[in-house]
Amino acid sequence: MASPVVQDNQPRKTKFTFEEAVDVWLRRWSGQYQHEIAAAYVINPRAVNHVLKGITHAGSKDEAAQRTGRTA
């Protein structure tokens, strides 16, 4: 008898790099939800929330805005 398939949902990352934080902003502005961004990076959704609230990676929003020609 085959063993059942068990999905591994344990987040692997605990922190974003600055470049990833910039990508978080770009994804958010394109319409992705926080939990979708977290799933793409296999990270806890709280880490995404911390980037969007400016708790971590200050300046990532400005950098993302500069790359898109958008005002932050």
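**Entry 1: Glu 63**

I started with Glu 63, which lies in helix H4. The model is a predicted one, and I read every value below as computed from it. Is Glu 63 buried, exposed or partly exposed? I found a relative accessible area of 25%, so Glu 63 is partly exposed; the cut-off for buried is under 20%. Leaving aside residues up to four places away in sequence, I noted that Glu 63 touches Phe 18 and Val 22. I also took one C-alpha to C-alpha distance: Glu 63 and Leu 26 are 10.0 Å apart in space and 37 residues apart in sequence.

**Entry 2: the rest of H4**

Next I looked up which residues of H4 are buried. Helix H4 covers residues 60–68, and its buried residues are Ser 60, Ala 64 and Ala 65. Viewed down the axis of H4, these buried residues fall within an arc of 135 degrees, so they line one face of the helix. I then asked what they pack against. The buried residues of H4 pack against H1 and H3. Just after H4 I noted Gly 69, which takes a positive phi of about 75 degrees.

**Entry 3: H1 against H3**

I turned to the pair H1 and H3. Two packed helices are described by the angle between their axes and the distance between the axes. For H1 and H3 I have an angle of about 85 degrees and axes 10 Å apart. The range 65 to 115 degrees counts as roughly perpendicular, and H1 and H3 are therefore roughly perpendicular to each other. From H1, the contact is made by Ala 21, Val 24, Trp 25 and Arg 28; from H3, by Val 48, Val 51 and Leu 52. I sorted the residues of this contact by type and got six nonpolar, no polar and one charged.

**Entry 4: H2**

Helix H2 runs over residues 34–41, and I listed Ile 37, Ala 38 and Tyr 41 as its buried residues. Down the axis of H2, the buried residues fall within an arc of 100 degrees, so they line one face of the helix. An α-helix has 3.6 residues a turn, so residues three or four places apart point the same way. What does the face of H2 turned away from its buried side carry? I found the exposed residues His 35 and Ala 39 there. The buried residues of H2 pack against helix H1 (18–29) and helix H3 (45–52). After H2 comes Val 42, with a positive phi near 50 degrees.

**Entry 5: Glu 20**

I went back to helix H1 for Glu 20, which lies in that helix. Is Glu 20 buried or exposed? Its relative accessible area is 17%, so Glu 20 is buried. Not counting residues up to four places away in sequence, Glu 20 touches Lys 13, Lys 15 and Tyr 41. I had already listed Tyr 41 among the buried residues of H2.

**Entry 6: the whole chain**

Last, I looked up totals. The protein chain has four helices and zero strands, and along the sequence the pattern reads α-α-α-α. Of the 72 residues in the protein chain, 24% are buried. Among contacts with a separation of 6 or more, I noted that 66% join residues 24 or more positions apart. The protein chain exposes about 5,200 Å², and carbon and sulfur atoms supply 50% of that area.

Methods: Residues are numbered from 1 along each chain as its sequence is written. This is a predicted model: local features need pLDDT of at least 70, side-chain atom pairs count only at pLDDT 80 or more; totals for chains, interfaces and linings use all residues. Side-chain values use heavy atoms; hydrogens and water are left out. Buried means under 20% relative accessible area, exposed over 50%, partly exposed in between (1.4 Å probe, protein chains only). Helices (H or I, at least four residues) and strands (E, at least two) are DSSP runs, numbered from the N terminus. The arc is that of the directions from the helix axis to the C-beta atoms. Contact means heavy atoms within 4.5 Å. Accessible areas come from the Shrake-Rupley method with a 1.4 Å probe; for residues, only the protein chains shown count as cover. Axes are lines fitted to C-alpha atoms, for helices over the stretch in contact, and angles run from 0 to 180 degrees between N-to-C directions. Angles under 35 degrees count as roughly parallel, over 145 as roughly antiparallel, 65 to 115 as roughly perpendicular and the rest as oblique. Ala, Val, Leu, Ile, Met, Phe, Trp, Tyr, Cys and Pro count as nonpolar, Asp, Glu, Lys and Arg as charged, and the others, Gly among them, as polar.
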